[in-house]
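Here are some notes to read with the model open beside you. Take the points one at a time and find each residue as you go.

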Amino acid sequence: HVLGDESTKLFTQSREKIAAFFGAESAEFILTRNTTEGLSGFVWMWAEKHIQKGDVIVTTLMEHHSNVVPWQMLAERTGAKVKFLNVDEDGELDMKQLEKVLSSMKVKVVAVVHVSNALGTINPVKKIAQMAHKAGAICVVDGAQSAPHLPINFHDLGCDVYAFSGHKMLAPMGIGGLLIRNALLKECDPFLFGGGMINTVYVEGTTFADAPDKFIAGTPDVASTVGLAAACEYLSKLGMENVAQHDQELVSYALQQLSKVRHIKIVVVKISL
């Protein structure tokens, strides 16, 4: 079927373009509907098997609930604990608390937002990932707000998992992605079954396709995937460095105008890329 072949080609090419936009390998990019599905999916793909009673999951008080509730539910099922990092009056994470928790508790996961949707704080993810790895933990990043506003290189960022949504970066709604490092991907199991993630099915058992198809069950949203690739191409032409600079110019202008209004206290957080 000609249209089917053309669609398959566009779908494959689009996945490669999206992965490249984030500096990831094609096999490390798993299609999801959004950041929320990506983070929840990873809990079932990896954490369900690797988190046990007594283990600690570190997250923060500035998280979107998508990076809190899946870990809370996991803790209820496994007997693990969720530890929250505090946020100071300037909207920044308590890094000393993180250091203390990592050195004194059995931390398996550090789950942190890259850019807070509520505060606008840009967290030092690279440093946090290094601290997590030194303590033997993995670093999971909610990139919903950073993907559209900052240049992202998945491998340079240093985290193990990065989730994002397409609609925040000019793509259609209902499409997003989950980036998982190859080494960690080998430890992940699928949690949705059937369709293109199948290799062979016998009465005696079933084998699965290679990653990333292994984690994409059923009929994929080809049109939205192509739309996300188009958005990545558009943003690449603009240049994400230019996008970030434009953001800062808008913020500077807003602060200048707000500073003229009496009875407003302006809190400016430091930017830690």
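Is Asp-213 buried, partly exposed or exposed? Asp-213 is partly exposed, because its relative accessible area is 30%. Keep in mind that this is a predicted model.

1. **A bridge across the chain.** Asp-213 forms a salt bridge with Arg-15. The closest N and O atoms are 2.9 Å apart. Arg-15 sits in helix α1, residues 2–21. Asp-213 sits in the loop between β9 and α8. The two are 198 residues apart, so the pair links distant parts of the chain. Arg-15 counts as buried, because its relative accessibility is 11% and the limit for buried is under 20%.

2. **A cis peptide bond.** The loop between β9 (206–208) and α8 (222–238) also holds Pro-212. The peptide bond from Ala-211 to Pro-212 is cis. Its omega is near 5°.

3. Asp-55 and Lys-106 form a salt bridge, with the closest N and O atoms 3.3 Å apart. Asp-55 lies in the loop between α2 (35–50) and β2 (56–60), and Lys-106 in the loop between α4 and β4 (107–113), so the pair ties together parts that are 51 residues apart in sequence. Asp-55 is buried, at 0% relative accessible area. Lys-106 is partly exposed, at 46%. Lys-108 belongs here too: salt bridges that share partners join Asp-55, Lys-106 and Lys-108 into one network.

4. **One more pair, and the total.** Glu-37 and Arg-33 meet through their side chains in a salt bridge, at 2.6 Å from N to O. Glu-37 counts as partly exposed, with 26% relative accessibility. Arg-33 counts as exposed, with 53%. The whole structure has eight salt bridges.

5. **Cysteines.** How many disulfides are there? The count is zero. Cys-159 is in none, and the nearest cysteine sulfur, that of Cys-139, is 5.7 Å away. That pair is not counted because a disulfide needs sulfur atoms within 2.5 Å. Cys-159 is buried, at 0% relative accessible area. Cys-232 is in no disulfide either; its nearest cysteine sulfur belongs to Cys-159, 16 Å away. Cys-232 is buried as well, with a relative accessible area of 2%.

6. **Positive phi angles.** Leu-170 is not a glycine, yet its phi is positive, about 75°. Look for Leu-170 in the loop between β6 (161–165) and β7 (176–180). Leu-170 counts as exposed, at 57% relative accessibility. His-263 is another residue other than glycine with a positive phi, near 65°. His-263 lies in the segment after α9. His-263 is exposed, with a relative accessible area of 75%.

7. Ile-266 counts as partly exposed, at 32% relative accessibility.

8. **A negative surface patch.** Which residues gather in a patch of negative charge on the surface? They are Asp-88, Glu-89, Asp-90 and Asp-94. Asp-94 lies in the loop between β3 (81–85) and α4 (95–104). Asp-94 is partly exposed, with a relative accessible area of 31%.

Definitions and conventions
Residues numbered from 1 in each chain as written. Predicted model: local features only at pLDDT ≥ 70, side-chain atom pairs only at ≥ 80, totals over all residues. Heavy atoms only, no water. Patch = residues over 30% accessible without salt bridge, like charges linked within 9 Å, V, L, I, M, F, W, Y side chains within 5 Å. Areas by Shrake-Rupley, 256 points an atom, 1.4 Å probe, with all protein chains shown as cover. Salt bridge = Lys/Arg side-chain N within 4 Å of Asp/Glu carboxyl O. Lys, Arg positive; Asp, Glu negative; His and termini not counted. Charge placed at Lys NZ, Arg CZ, Asp CG, Glu CD. Helix = DSSP H or I, 4+ residues; strand = E, 2+ residues; numbered from the N terminus. Buried < 20%, exposed > 50% of the residue type's maximum accessible area, 1.4 Å probe, protein only.
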